[in-house]
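Subject: Structure handover

Hello,

The structure is below, and my notes on it follow. Please read them with the coordinates open.

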Amino acid sequence: MTSTTSKVLTLIISAFTIMQITLAGDPDILTDFIAPVGATVDGTFFTFTGFRALLPPNTFPSTFKALKATKAEFPALDGQSVSYAALEFPAKSINPPHTHPRSAELLFVASGSLQVGFVDTTNKLFTQTLQTGDIFVFPKGLVHFQFNSDAQKPALALSAFGSANAGTVSIPSTLFNTTIDDNVLALAFKTDVGTIQTLKKGFTS
Ligand SMILES: *[C@@H]1O[C@H](CO)[C@@H](O)[C@H](O)[C@H]1NC(C)=O
């Protein structure tokens with residue numbers, strides 16, 4: 001093989017590898033749907049009623065609450081690469097900074113308003129104040145948050161995901177509610193061990 005031929009081949013192979021990475025999502029299934037062995041498969045199997053809890057006379061929770069319809073709560077989603085979350089924000093509540101390792105998030109504000117933001121891999125922050133009816137997209141894997149800054153009105157948002165199990169990595173609890181050594185965190189945050197222990201205390205109560 002001439003060196004030019006091998007360079008071309010290498011290029012083609014890397015192009016395909018990059019394409020594979022770009023197309024990465026939940027794996028495609030070879031059947032119409034996946035049902036647990038022995039399960040009765042009828043319309044009910046493809047129906048999730050858990051979000052009825054959002055309708056009146058439901059009262060808003062007193063702290064931020066995420067109601068999920070992922071593969072875990074709704075087994076028919078297995079292999080379908082989609083899921084939902086309903087996010088309930090009482091006045092002045094936040095959904096702390098977090099990422100979804102396996103999917104972008106498409107958030108629709110159903111009632112109230114939300115301040116949202118994400119940070120890209122160059123550390124640039126993108127923020128927006130969303131009104132009822134607005135849609136915002138959080139790119140896959142990037143750290144993002146939502147905040148209902150209104151002192152009176154609650155906010156309700158529906159988020160769609162391109163994965164049946166998008167996963168959530170909460171930044172505060174990943175860092176301060178696991179057993180990462182205090183010295184490691186103190187060095188990482190350029191602070192002292194006492195400050196790290198104070199931050200960790202918030203998770204023990
Ligand atoms: C901290 O982690 C423990 C153990 O995983 C968990 O039970 C608890 O809910 C977490 N606390 C908070 C505030 O996330």
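**Overall make-up**

The protein chain has 4 helices and 10 strands; helices (H or I, at least four residues) and strands (E, at least two) are DSSP runs, numbered from the N terminus. This is a predicted model, in which local features need pLDDT of at least 70 and side-chain atom pairs count only at pLDDT 80 or more, while totals for chains, interfaces and linings use all residues. Residues are numbered from 1 along each chain as its sequence is written, and side-chain values use heavy atoms, with hydrogens and water left out.

From the N terminus on, the order of elements is α-β-β-β-β-β-β-β-β-β-β-α-α-α. Of the 205 residues of the protein chain, 28% count as buried (under 20% relative accessible area; exposed is over 50%, partly exposed in between; 1.4 Å probe, protein chains only). The chain exposes about 12900 Å², with carbon and sulfur atoms supplying 63% of that area (Shrake-Rupley method with a 1.4 Å probe; for residues, only the protein chains shown count as cover). Contact means heavy atoms within 4.5 Å. Among contacts between residues at least 6 apart in sequence, 68% join residues at least 24 apart.

**The five-stranded sheet**

An open sheet of 5 strands has the order β1-β2-β9-β4-β7, with antiparallel pairing (two strands pair if DSSP finds at least two bridges between them). Because β1 and β7 stand at the edges with a single partner strand each, one side of each is left without a neighbour in the sheet. On average, neighbouring strands of this sheet are turned by 20° against each other, direction ignored (axes are lines fitted to C-alpha atoms, for helices over the stretch in contact, and angles run from 0 to 180 degrees between N-to-C directions).

Strand β1 (residues 65-69) pairs with β2 over 5 antiparallel bridges, and alanine 66 stands opposite leucine 87 in β2. On to β9, β2 has 7 bridges, also antiparallel; there, tyrosine 84 has alanine 160 as its bridge partner. In β2, 6 of the 7 residues are buried, so this strand is largely enclosed by the rest of the structure.

**Cores**

The largest nonpolar core has 16 residues, and Leu107 and Leu114 have the most contacts inside it. A nonpolar core here is a set of buried Ala, Val, Leu, Ile, Met, Phe, Trp, Tyr and Cys residues joined through side-chain atoms within 4.5 Å. A second, separate core of 6 residues includes Leu54, Leu67, Ala69 and Leu156. Leaving aside neighbours within four places in sequence, the contacts of leucine 114 include Phe89, Leu107, Val109, Leu130, Phe147 and Ala157.

**β5 and its partners**

Strand β5 (residues 114-119) pairs with β6 (residues 125-130) over 6 antiparallel bridges, with valine 119 opposite leucine 125. The two form a hairpin with 5 residues between them, and asparagine 123 in the turn has a positive phi of about 75°. A further 5 bridges join β5 to β8, again antiparallel, and phenylalanine 118 stands opposite histidine 144 there.

**Histidine 144**

Histidine 144 lies in β8 (residues 143-147) and counts as buried because its relative accessibility is 1%. A polar contact of 3.5 Å joins its side chain to that of histidine 100 (a pair of N or O atoms within 3.5 Å; within protein, one must be able to donate a hydrogen and the other to accept it, and residues adjacent in sequence count only if both atoms are side-chain atoms). Not counting residues up to four places away in sequence, histidine 144 also touches, among others, Pro96, Glu105, Gly117 and Phe138.

Regards
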